[in-house]
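I opened a protein chain to look up its layout, its surface and its pockets. My entries are below.

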Amino acid sequence: MLFICTDPDGEDAAPGDLTIEQWGADLDARGAWKHGDRLRPVEAATTVRRRGDKVVLTDGPFAETREQIAGYDVIEAADLDEAVAIAAAHPMARVGRVEVRPVWPLDAGD
């Protein structure tokens, strides 16, 4: 999974960088893109915690940070090297940052 994050210290897009549409079309054509979307701003977030029998709701994100998770993409890659190459080509890798994290199925047992 790719977590697409904003970064206040990111750069502007460079000439020749892929647009998000071009990046997505390339991955889709290769069968590597499974699903993805952008997320509403953190002001629309609700954090949910359960303490005993009480459900506690908090407006906004749990963590205070200048960076935000702005979206996500579920990709299929043969290994970490391929996943990193896919993430590095994402337009947000320059203007923000992309966190690559393997999915860990509940039934994996490890």
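I am working with a predicted model, in which local features need pLDDT of at least 70 and side-chain atom pairs count only at pLDDT 80 or more, while totals for chains, interfaces and linings use all residues. Residues are numbered from 1 along each chain as its sequence is written, and side-chain values use heavy atoms, with hydrogens and water left out.

**Layout.** I found three helices and six strands in the protein chain. Helices (H or I, at least four residues) and strands (E, at least two) are DSSP runs, numbered from the N terminus. Along the sequence I read β-α-β-β-β-β-α-α-β. The C-alpha trace spans about 50 × 40 × 20 Å along its principal axes.

Of the 110 residues, 20% are buried, meaning under 20% relative accessible area with a 1.4 Å probe, protein chains only. I also looked up contacts (heavy atoms within 4.5 Å). Among those between residues at least 6 apart in sequence, 71% join residues at least 24 apart.

**Largest pocket.** A pocket is an open set of points on a 1 Å grid over the protein atoms alone, where a 1.4 Å probe fits, with protein on both sides within 12 Å along at least five of seven lines; lining residues have an atom within 4 Å of a point. Which residues lie nearest the centre of the largest pocket? They are I20, D37, R38, D73 and H90, out of 19 lining residues. Helix 1 (20–30), strand 2 (33–38), strand 5 (69–75) and helix 3 (92–95) each give two or more residues to this lining. Helix 1 gives the largest share, five residues.

How values were computed. Buried < 20%, exposed > 50% of the residue type's maximum accessible area, 1.4 Å probe, protein only.
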